[in-house]
Amino acid sequence: MPGGFPPWPRVYAFFARWRDLGLVAELHDRLREAVRRSEGRKEEPSAGVVDSQSVKADATVAHTTRGFDAGKKINGRKRHLLTDTLGLLLGVLVTPASTTDRDAARILLPSAKSHFRRLARIWADGGYTGHLTDWATQHLGLVLDIVRRSDDVQGFQVLPRRWVVERSFAWLLRSRRLVRDYERRTDTSEAVVLWSMSMVMSRRLAARHQPGPVRAA
């Protein structure tokens, strides 16, 4: 903890209280609305991007909330993010790493749609193909647009729309607490993600409101 902070148990007690009361999420959501207004956007988005990231779990993570991602060869948890087209979080879901993207989307997308009525289009990668696209249209009124990687291109490739959520993952990994998952509870992991993104947004707003250089008369 920084030197000016109280003992860590007291700080964590405040964090846990704010998590349970929904204050972490409320602070995050108000900051997101402020950032969108500063970018000339409406507070409520009409489009988003979804993706997931598997991270290793520390020994403190219970076996019941962790799993093995066979594709990434990672034993831990998976963070599922839904962002707007600016890369700001609209929803986060933390699951065992063995959870498929499609199964997680059946939880994440309905929750997002209930909060953002204007949400109409979601961009995703090939892990979300199959029955999910028809289900999202029929039950949620969402168009799930799959952005595929070209088989002819080798090495790194910037994919339209999908790069937005990849950048969001990079922003989050600047927080050392998120390099791996240390939390016993998944809702704590989700709150830490929201807190990290809140710091990103507050710094962006602060930079926008810094006074410019004073010109001599």
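Trainee: Why is F68 called partly exposed?

Mentor: Good place to start, and keep in mind that this is a predicted model. The relative accessibility of F68 is 46%. Buried needs a value under 20% and exposed one over 50%, so F68 falls in between and counts as partly exposed. This residue sits in strand β2, residues 67-69. Setting aside neighbours within four places in sequence, F68 is in contact with K73, I74, N75, A97 and S98.

Trainee: What makes K73 count as exposed?

Mentor: K73 has 62% relative accessibility. The cut-off for exposed is over 50%, so K73 counts as exposed. You will find K73 in the loop between β2 and β3. K73 also has a positive phi of about 60°, although it is not a glycine.

Trainee: How do you know that E26 forms a salt bridge with R30?

Mentor: Look at the closest N and O atoms of the pair, which are 2.7 Å apart. The limit for a salt bridge is within 4 Å, so E26 and R30 qualify. Both lie in helix α2, four residues apart, about one turn of the helix. An α-helix has 3.6 residues a turn, so residues three or four places apart point the same way.

Trainee: Which label, exposed or partly exposed, goes to E26, and which to R30?

Mentor: E26 has 36% relative accessibility and counts as partly exposed. R30, at 58%, counts as exposed.

Trainee: What makes E43 and R37 a salt bridge?

Mentor: Their side chains meet at 2.4 Å, N to O, and the limit is within 4 Å. The whole structure has 12 salt bridges. Another one joins R185 and D187, with the closest N and O atoms 2.6 Å apart. Salt bridges that share partners link R19, D20, R185 and D187 into one network.

Trainee: Why does E190 have no salt bridge with R77?

Mentor: R77 is the nearest side chain of opposite charge, and it is 8.8 Å away. Leaving aside neighbours within four places in sequence, E190 is in contact with V92, L93 and V94.

Trainee: How do you know that the buried residues of α4 are on the same side?

Mentor: First, the list: L132, T133, W135, A136 and L140 are the buried residues of α4. They cover an arc of only 165° around the axis, which puts them on the same side of α4. What covers them includes α3 and β6.

Trainee: How do you know that the span of α2 is close to the expected one?

Mentor: α2 has 16 residues and reaches 23 Å from its first C-alpha to its last, while 22 Å is expected at 1.5 Å a residue. The buried residues of α2 pack against α1, β4 and α6.

Trainee: Which residues touch the most other members of the largest nonpolar core?

Mentor: In that core of 28 residues, they are L81, L89, L172, V193, M197 and M201. Helix α6 gives the largest share, eight residues. Setting aside neighbours within four places in sequence, M201 is in contact with H28, L31, R32, V35 and L88.

Notes
Residues are numbered from 1 along each chain as its sequence is written. This is a predicted model: local features need pLDDT of at least 70, side-chain atom pairs count only at pLDDT 80 or more; totals for chains, interfaces and linings use all residues. Side-chain values use heavy atoms; hydrogens and water are left out. A nonpolar core is a set of buried Ala, Val, Leu, Ile, Met, Phe, Trp, Tyr and Cys residues joined through side-chain atoms within 4.5 Å. Buried means under 20% relative accessible area, exposed over 50%, partly exposed in between (1.4 Å probe, protein chains only). Helices (H or I, at least four residues) and strands (E, at least two) are DSSP runs, numbered from the N terminus. Contact means heavy atoms within 4.5 Å. Lys and Arg count as positive and Asp and Glu as negative; His and the chain ends are not counted. The arc is that of the directions from the helix axis to the C-beta atoms. The expected span of a helix is 1.5 Å times one less than its number of residues.
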